Every structure is written in C-alpha cells, then in structure tokens.
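Reader: I'm new to this one. Could you show it to me and then take my questions?

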Amino acid sequence: MQEKALNSPGFEIDPDLVITLTHGDPIMFEPFWKEEGHNATVTISGWEKMSYYACDPDDICWFLEPDFANEVLRLHRIVNNAATNGCHIIPGAGSTQLIHATLHALASIEARRHPVNVVSAAPYYSMYSDINSLKSALYHWAGDAATFKGDDNFIEIVCSPNNPDGMIRHAVLSNNAGRRVHDMAYYWPHYTPMRGPADHDIMLFTMSKATGHAGTRIGWALVKDTDVAREMVNYITLNTNGVSRDSQVRAARILKVISDGYEFPNSNGAGQFFHIGRHLLADRWRRLRQAMEVLGKFSLPRFSTEFCEFFKEHAQTYPGFAWLRSEDESINDCGDFFKSINVQIRNGRLFGAGPNYVRISLMGSDAYFDGFIKRITSVG
C-alpha cells in the first residue's frame, strides 16, 4: 500500500516521516512501464514452465531460457556496451547471487590455496564486504584493493561505473596476477556515456539497474571461460536449483520492449527507455546540486562531459546514487546529520570510506525525492 501511495499524483511526504534513501530501489522508472501497458505484460498459463529445465539438461546452463538469452544479446548489440561473442550467458537471482557464484567458481578452479583474498578499491559497493557472513572456506573479504599487500592469491572486483561514486573504474592490482570480476550493473546509457563495448573475462549485469525491475530478481553474467561458467552453474544449481523460468520470461519481454523502442521506433508505441531514464536522472541531479548549494554543507562529485557512442552526442554522467562529502567541520558524522532531519542514508564507513561521506539513492519515488529536496532546502 505504501509503495502505491508514494507513486500516486499529489502524494505529500509527512514532515515527521523518515525518508529512506538507503537502497537502490528503482521506483523512479515505474511511470515509464505503466505507460508501456500491455507492451510489457506477460501472461504465463498454468501449465507452462512447469519443468526445472529450460533447455537440454546436458547444456552448460540448463535453466537458461532461450528467449531471455536472445534478448540479452540483442540489447547488448543495440547499446554496444559489452562484447558478447564467445561468452556463456548465465542468469542469476540478481547480481548478488552471480557475484557469489563467480567467487565460488574462481576460488574453486584458480586458487593455489584457500581462502582466496577478495578485494575492491574503496569506496566499494557495501555488499562486497558482506561476503564473510557466508563463512566460505574458499574465499574471504580482504578489503581495499589499493592497500592490499598480499601476493597473487586474490580476486579483484571492479565495479564500473562504481557504486557508490559513479566513477569509471579499472583494475588496481597487476593484470599479471589474480583474477578479476567486472561488475557492470550501471554501464547503461541512462547512467553514463557509452565508451564502447566492455570486453572482460567475466561481466555481471542486472535487470534492477538496467530496466528498474529489482523485484524480478534476474541478472546475467557474460563469461568467456567454459570451466568458470560450468562451475558458476554448479553453484547456482546447489544454491537454488536453477533460476526462475517465469522471471526469465518476464525479463525477456521487458528487454524486448526496450530494444523494440530503438530498432522499431514509434512502430508499436514503445518508448525509448534510455532517453527517458537519462532525462529523469539529469533532472534529479540538477535539483540535487541546487539544493546542496543552498544547504552549503556538502560537496558532490563532478563528472566530465564525454562523447556517448549510444546517443551520438556529448553526455554527462548521472549515477543512480549521490556520493556526498561533508565540507562542514561541525559535522563529524554525516549519518547523524541526516538522521536529525529524518532522512535515512548509508554511511561512508560501509563503503570503506570515512563518516564524512554518505551515499544517497536517487532512484526512489518522486514523492520521496521531492520530500528530500524540500527538507534539504528548508534546512539551508
């Protein structure tokens, strides 16, 4: 009920309500999908998709829906953000399961000894440091890649564009040692200029950030090494006995709508999702910068304008998160400041940074974002 209310016209945030901006829940894209209506609607009959198997059980990924695989390849071809030739496509329950599957596979196959050190350059996605909660004997979190002093027994996660600061990242540690996983969740045209196809051994993507469908719980990995791909499938088989075929069917339809909007513009009424998404994020970033100037206590990252090969024009970067740094000596902990105005955020400590940093999600409902801007402006 609350989610529906937050996206209703004219909904106003109660001044005493805590505005939650901790998660990248992409509700901001909901109006686009409402407009698409039946174009993006899927009907699955009661007798369909009853089997565990989506294809030949002897195939490497026996739970991969062919239509989903085809639409993944089609969208990457249209956007040209990833080299897919020779890659295995492995679906997972979002990028979270895929990260775990990848670490398990690499540690099982490549490691000289266990546990393998897992690192990522700070500020890093807060979920990476949570892998120790799994208590795996194969790998463990070893912190900031920039300060890692170990040998070649490591896996480096490279998140680019980076969560939380939106910057383009490259591997920090030597390319002649260890293994790398490239988390490409935000390498889409509404967030950042397309600089050509990424071409890495392992690349992870997710529906939640590509299209806004976080609740569908589908992501995919593009994996070059057959042995690594097979071991990732083995992990997902043991973990969840495959991936929901129903979710893959819905995801395929969603991806088809986006691709149709560019391959067949206006022929079937499909909108151009990345153009609309970029417009929404650009507007939010404009309003956020204005509000922060009024507040006068925090600074925001600055991004250079670059040529985008998708839009065929120079474009800005508009991350789904804002990485704020305190410029006010009276604020010792950003979390405490935002808590005082009933705004819930993620403290910089969770990302390997200090308490003078904070991450704020810009992907929530219009009502929450508007309420946040009003509070910041009133404080200023």
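**Burial and shape**

Author: Of the 380 residues in the protein, 55% are buried. This is a predicted model: local features need pLDDT of at least 70 and side-chain atom pairs pLDDT 80 or more, while totals for chains, interfaces and linings use all residues. Residues are numbered from 1 along each chain as its sequence is written, and side-chain values use heavy atoms, leaving out hydrogens and water.

Reader: What makes a residue "buried" here?

Author: Buried means under 20% relative accessible area, exposed means over 50%, and partly exposed is in between (1.4 Å probe, protein chains only).

Reader: How do you know the span of helix H8 is close to what's expected?

Author: Helices are DSSP runs of H or I with at least four residues, numbered from the N terminus. H8 covers residues 273-295, 23 residues in total. The expected span is 1.5 Å times one less than the number of residues, which comes to 33 Å, and H8 reaches 33 Å from its first C-alpha to its last.

Reader: Which residues of H8 are buried?

Author: Among them are Phe274, Arg278, Leu281, Trp285, Leu288 and Met292. Just after H8, glycine 296 has a positive phi of about 70 degrees.

Reader: How many helices and strands does the protein have?

Author: It has 10 helices and 15 strands, a strand being an E run of at least two residues.
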